[in-house]
Amino acid sequence: MSNSERLTKYLEVVMKIAEEASKKTPEELKVNYKGILYPFGLCSEATFQALESLEAREDDVLIVTYPKCGTNWSAQILYEMLFAMHNKEPTIDNGMLEFGKPEKYEYLKQQPSPRVFASHLTYENIPKSVLEKTKILIILRNPKDAAVSYYHFTNSNPVLPTYSSWDLFYKDFMSGNILYGSYFDHALTWEKHIDDLNILALTFEDMKMDFIGEIRKIADFYGFSLTDEQIQQVQNKTTFKSMKDKSSNTHGDLGKVFFRKGEIGDWKSLFTEEQSREVDAKFDATLAGTKLGKKIDYTKYCTF
């Protein structure tokens, strides 16, 4: 099955889930597994249990992000890199590693390498074989922009719970009563392993400011031998504008949901000064002083 056929099938499943979701309350669209909330219809206890048996390969590619921190962007970068190297489509797991039915992992076992996966999971919930064999790219984004992007995303995605106001969403974001849990807790699980040799952490902001430089870091990390011309081609195909322009082909009717602005600083459009100070205090109490916290460059991107 080609990636386009796989995408079509995935979007059909999403539309069926959306139809079911329209009949449920926002709270019913959250599934609790081991104390963390996940999206109804896309995740289940049976799928998480089956995920633990996933047999990773050393040439697998895994991208980990908190929601709305550059997931689709980084996945497309890896796709284009692998395509440039092998002149054939790598296996793309549409959706997330944790989405789908339990039998999905048996299907993935049959798929050819290289395989590209993405996930929003914490370190503890990534399959053991992946942690042992696979190189993992982590993309971070400052929490204020992540929150605003997440708010717009959950309100426009038909399978996710909606919020009647930014203030209500902000309250859940800060308390962790949100799909995939606390932004801060998620980052801290990966902070503990930031020095592991199979992990590379980059930021959304650095990718926006020095795209070519960050693409080269990704290529070097995975050991991809790309010419300067190939690096330039990857850049041209994965700018936000390029991906948004072709989103109807890559994401169907959900294209406009996944690609909204892709900017730095959009948090100022919704945050009040009081909310901004609350996030500042939360960041100071959790991530300030950590290696991941320093990478985010909070002072530069999160002050009015």
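Figure 1. The face of H15 that is turned away from its buried side carries the exposed residues Glu-273, Glu-274, Arg-277, Asp-284 and Ala-285, where exposed stands for over 50% relative accessible area, buried for under 20% and partly exposed for values in between, with a 1.4 Å probe and protein chains only. The model is predicted, so that local features need pLDDT of at least 70 and side-chain atom pairs count only at pLDDT 80 or more, whereas totals for chains, interfaces and linings use all residues. Residues are numbered from 1 along each chain as its sequence is written, and side-chain values use heavy atoms, with hydrogens and water left out. Helices (H or I, at least four residues) and strands (E, at least two) are DSSP runs numbered from the N terminus. H15 comprises the 14 residues 273-286 and reaches 20 Å from its first C-alpha to its last, close to the 20 Å expected at 1.5 Å a residue, the expected span being 1.5 Å times one less than the number of residues. Buried in H15 are Gln-275, Ser-276, Val-279 and Phe-283. These residues lie on the same side of H15 because they cover an arc of only 100 degrees around the axis, the arc being that of the directions from the helix axis to the C-beta atoms. An α-helix has 3.6 residues a turn, so residues three or four places apart point the same way. The buried residues of H15 pack against helices H6 (143-156), H7 (166-175), H8 (183-191), H16 (291-296) and H17 (298-301), contact meaning heavy atoms within 4.5 Å.

**Figure 2. The crossing of helices H10 and H11.** The axes of H10 (residues 211-222) and H11 (residues 228-237) come within 10 Å and cross at roughly 115 degrees; axes are lines fitted to C-alpha atoms, for helices over the stretch in contact, and angles run from 0 to 180 degrees between N-to-C directions. On the H10 side the contact is made by Phe-211, Ile-212, Ile-215, Arg-216 and Ala-219, and on the H11 side by Asp-228, Ile-231, Gln-232, Val-234 and Gln-235.

**Figure 3. Cysteines Cys-43 and Cys-69.** The structure holds 0 disulfides, a disulfide being a pair of cysteine sulfur atoms within 2.5 Å. Cys-43 is in no disulfide, and the nearest cysteine sulfur, that of Cys-69, is 17 Å away. The sulfur of Cys-69 is in turn 11 Å from the closest cysteine sulfur, in Cys-302, which is too far for a bond. Cys-43 is buried, with a relative accessible area of 5%, and Cys-69 is also buried, at 1% relative accessibility.

Figure 4. Ala-21, in helix H1 (residues 3-21), is buried at 4% relative accessibility. Not counting residues up to four places away in sequence, Ala-21 touches Leu-29, Phe-40, Pro-158 and Val-159; the C-alpha atoms of Ala-21 and Pro-158 are separated by 7.3 Å, although these residues are 137 residues apart along the chain. Lys-104, in helix H4 (residues 104-109), is buried with a relative accessible area of 12% and, with the same exclusion of residues up to four places away in sequence, touches Asp-93, Met-96, Leu-97, Glu-98 and Phe-99.

Figure 5. Most residues other than glycine have a negative phi, and most peptide bonds are trans. The peptide bond from Ser-113 to Pro-114 is cis, with omega near -5 degrees, and Pro-114 lies in the loop between H4 and strand E5 (115-119). Lys-68, not a glycine, has a positive phi of about 70 degrees and is found in the loop between strand E3 (61-65) and helix H3 (71-86). Asp-297, in the loop between H16 and H17, has a positive phi of about 55 degrees although it is not a glycine.
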